[in-house]
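Colleague: Hi, I'm new to this one and have just opened the file. Could you walk me through it?

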Amino acid sequence: MKREIFKFLALVVIVAVLPAVFKGGYLMNVLVFVGINSMLAVALNLLLGYAGQISLGQAGFFGLGAYLSGVLTTTYGIDPWLGMIIAAAAVGCIAFLIGFPVLKLKGHYLAMATLGLGIIMYIVFNEAVSSTGGPSGLSGIPNLSVQGYVFDNDVKNYYLIWCATLLIILLSLNLVHSRIGRALRSIHDSEVAARVMGVNARLLKVQIFTLSACISSLAGSFYAHTMSFIAPASFGFNFSVELVTMVIIGGLASIYGSLLGAVLLTLLPELLRAFQDYDIIIYGLLLIVMTMFMPGGLVKGIPAFFSFVRRRLPGGTANNA
Amino acid sequence: MVFSEQLAQYLVSGVTTGAIYALIGIGFAIIYNSSEIINFAQGEFVMLGGMFTLFFLNVLKIPLPLAIVLAVLSSTFIGVLFERLAIRPLKKPTPLGLVIITIGGSILIRGVAMLVWDKDTHSLPAFTGSEPIAVAGATILPQHLWIISLTILSIVLNKLFFQYSIIGKAMRACASNRRAAGLVGIDVKKMVLFSFIISSALGSLAGIIVAPLTMTSYDVGIMLGLKGFCAAIIGGMSGGLATVLGGILLGTLESLGAGLISSGYKDAIAFIILLLILFVRPQGLFKKADTERV
Amino acid sequence: MLEIQGITQRFGGVTALEDVSFSIRANEITGVIGPNGAGKTTLFNIISGIYRQTSGTIIFNGKDVSGLPPEQLALRGMVRTFQNVELFTQMTVMENTMVGLHTRSRSGIFSCMLKTPGNRAEEQHIRERALHWLEYTGIADLADMQAGNLAFGKGRMLEIARAMALEPRIILMDEPAAGLNNRETGELASLIRKIRDSGVTVVLVEHDMDLVMDVCDSILVLNLGRWLAEGTPREIQENQAVIAAYLGEG
């Protein structure tokens, strides 16, 4: 328990000092996205890594949050914070209702159904032109502000987004180390045994799907208010796959793993700027290679790798010495 | 135009796109039945079919009929590679792992296609001219006839293969009970490979025959693949007639929906049907479907 | 305690159970035996809510529980173990047992996320109780081991610890001795008696006749999906129909 607290505090310190290191340069903007993607990856991991239920439609809930916030604030002039809450509540209701039939499905069928859901939402973002602006997007979304203090540059947004991200990470850590977290993992391992132990698997899956959608919606709202402009292209199937990739790379059922996955996959395209178009190939390769050789993700794979190397090195606890 | 003529037109285009969906859907079903894998990369073979044909035709200046054959062979080869490199080595295949691997394969193939060729949309020439034929008030293009006849031909061949050839029979045995098939000495892994061969061949053929009508580019695979899957789901994952009916039903509903309701939401129709079927009748629309898998 | 009334189960054209009725008395160990294919496991799956019977009624504690799902039965105090040991392999031994306390705790998603004082106290309680049940079954020293790495016999014990953590009124054990060596079977027998003596009703499906005759207070015999006999171990051992059924098999 002590170690958990220490780890989280270390993360808080790193997040706090990063702007000083980068002196508010261009990278601050990237780090804002890292924060948003971290929220999304953590949300997906609760569902995918802990409960073992895949969703290929997370980008849809992310987009729904962004568009609801965008439309509520621009068209209806609602306060951004209030809009964010309304959006998350609405997305939560939708996810809860659709969750019952969707999560009855398993494996490949679940993947296809969530994929279908995501694409339907994407089509709506494109086609409901009168409210979303269609493919050309929705602009003029106001920045968030507190008591007249407006979050209108990268550094301010960085702190805002990362406060939210850290909060979500903390709450998720609490959740996964609780009876609910154990119940989720038990469903993942053996649904029938979990039910025999009194875990209402069906309801719990829907609840976690709903929670995951709500967090994604919040991330969407933050995205809309920091970018001021949103377009459907950010919320398509590719982004859903990217989120799954983050979770897999970092490690299923590891909150910090998702954070690591989000950091890597958000920074990677920036580092590979020279070969812009290669990123899609790299995602594909990463998914295949990780699933084949490191199904536990980096958080499990790296320590395993080091202990493997240590065993092979002369003088270690070698079995071939 | 008179309403009935309009309707006839929608039906023509609905049935032809439906035929395409059916070919792709049968590919999904064949792989699923032999291995319980839903191959998310199925759509990419559709894309490869079109793009390879273009490549052979325009870059290597090979005549169209030969280019088509070569394109089917090349896509099938990629299908074999995919099965060999990504599916077979998997030690502990879980549904989740397989979903992720085939998605990975799908975007990898798409990405490589984008790099090797380009991001543009290309058109393939119609097989035999584009002089429209007027039938019962609807305008039919020669390509429509090509699509329908080639689809029928490949479905019949497919059926004959599964009915009479040794490999086809072995694959059917795998579909009905994989363990039992393994016990009587059928090489189940080989059957999975064969299912990938047939599926990628059917998929690429679909991609080739539809390209003259709808154009092709590196990213056409996603939508076509998903709609093929939808056809297979309507057909209860049957490798035969039920999926064909599913494809035609889907194509027709889409084309009617696009014409009578809204063209923008056309793509949503397939997914709404997909969700409804999965929720309400996961065994497919036609009850008998279960008895005639593969 | 548990009344089975006229249970029939058909799978397609096959009748796995035909009009089986019997009753299980509280605070006893009841054995369900029969040759292979007698329908013992099917009967267990029906009682524990995993299958839905074609017809018939199950009365548990005076209430009709026919067709209730396993999670509802757990809340009413019924739990089971599995023939092939269904552990949560990715979780530790301790965590497995803590899942057994799911019905004995009630923190919701939000109080878990916020780690409210109530949730903390409950978590502490869960941990203490889980440790108690690990000590009860003699595997407390393995608490931090991943369940998937346990030896088979220890896995059995963990499954029983997890089930007991529910503090059930009745525990159904599906072939608990399968795969155990002699020493482990001996330990199992005394554990089963200890469970009964603590006031929990035990029902066993078991192939190991020595164990059944040793621990059971009464026995039900099924044959080819039908009720064949019931009685004390001594009565069953002398029952001609039972002997004939077993001889007929082998």
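Colleague: Before we go on, where does the model come from and how is everything labelled?

Modeller: This is a predicted model, where local features need pLDDT of at least 70 and side-chain atom pairs count only at pLDDT 80 or more, while totals for chains, interfaces and linings use all residues. Residues are numbered from 1 along each chain as its sequence is written, and chains are lettered from A and ligands numbered from 1 in the order in which they are written.

Colleague: Thanks! What sheet is that pair part of?

Modeller: An open sheet of 4 strands in chain C, with the order β2-β1-β4-β5 and antiparallel pairing. β2 (14-24) and β5 (63-64) of chain C are at the edges with a single partner strand each, so one side of each has no neighbour in the sheet.

Colleague: And what is the order of the sheet of 6 strands?

Modeller: That open sheet of chain C runs β6-β7-β8-β3-β9-β10, with mixed pairing. Here β6 and β10 (226-231) of chain C are the edge strands; each has a single partner strand, so one side of each is left without a neighbour in the sheet. On average, neighbouring strands of this sheet are turned by 20° against each other, direction ignored. Angles like this come from axes, lines fitted to C-alpha atoms (for helices over the stretch in contact), and run from 0 to 180 degrees between N-to-C directions.

Colleague: Which strands does β8(C) pair with?

Modeller: On one hand, strand β3 (residues 29-33) of chain C runs parallel to β8(C) and is joined to it by 4 bridges, with L204(C) as the partner of G31(C). On the other, strand β7 (residues 170-174) of chain C is parallel to β8(C) over 5 bridges, and D174(C) stands opposite V205(C). Between β7(C) and β8(C) the chain passes through helix α7 (residues 182-197) of chain C, a β-α-β crossover that is right-handed. Right-handed means that, with the strands pointing away from the viewer, the path from the first strand over the helix to the second runs clockwise.

Colleague: Is β8(C) buried or exposed?

Modeller: Strand β8 (residues 201-205) of chain C is mostly covered, with 5 of its 5 residues buried. Buried means 20 or more other C-beta atoms within 10 Å of a residue's own, exposed means 12 or fewer, and partly exposed is in between, with C-beta atoms placed from the backbone. T201(C), V203(C) and V205(C) point one way, V202(C) and L204(C) the other.

Colleague: What lies across that sheet?

Modeller: Helix α1 (residues 40-47) of chain C lies across β3, β6, β7, β8 and β9 of chain C, at about 145° to β7(C).

Colleague: Switching topic: how many helices and strands has chain B?

Modeller: Chain B has 11 helices and 2 strands. Its radius of gyration, taken over C-alpha atoms, is 19 Å. The globule rule (2.2 Å times the number of residues to the power 0.38) gives a close 19 Å for 294 residues, so chain B is as compact as a globular protein of that length. Its C-alpha trace spans about 60 × 45 × 35 Å along its principal axes, and 52% of its residues count as buried.

Colleague: How many residues do chains A and B bring to their contact?

Modeller: 30 residues from chain A and 33 residues from chain B, where contact means C-beta atoms, placed from the backbone, within 7 Å. On the chain A side, α5(A) gives the largest share, 12 residues. That side divides into 23 nonpolar, 5 polar and 2 charged residues. Ala, Val, Leu, Ile, Met, Phe, Trp, Tyr, Cys and Pro count as nonpolar, Asp, Glu, Lys and Arg as charged, and the others, Gly among them, as polar.

Colleague: One last thing: how many residues of α8(A) are buried?

Modeller: In helix α8 (residues 179-189) of chain A, 10 of the 11 residues are buried, including R179(A), L184(A) and H188(A).

Definitions and conventions
Contact = placed C-beta atoms within 7 Å. Pairing = 2+ DSSP bridges.
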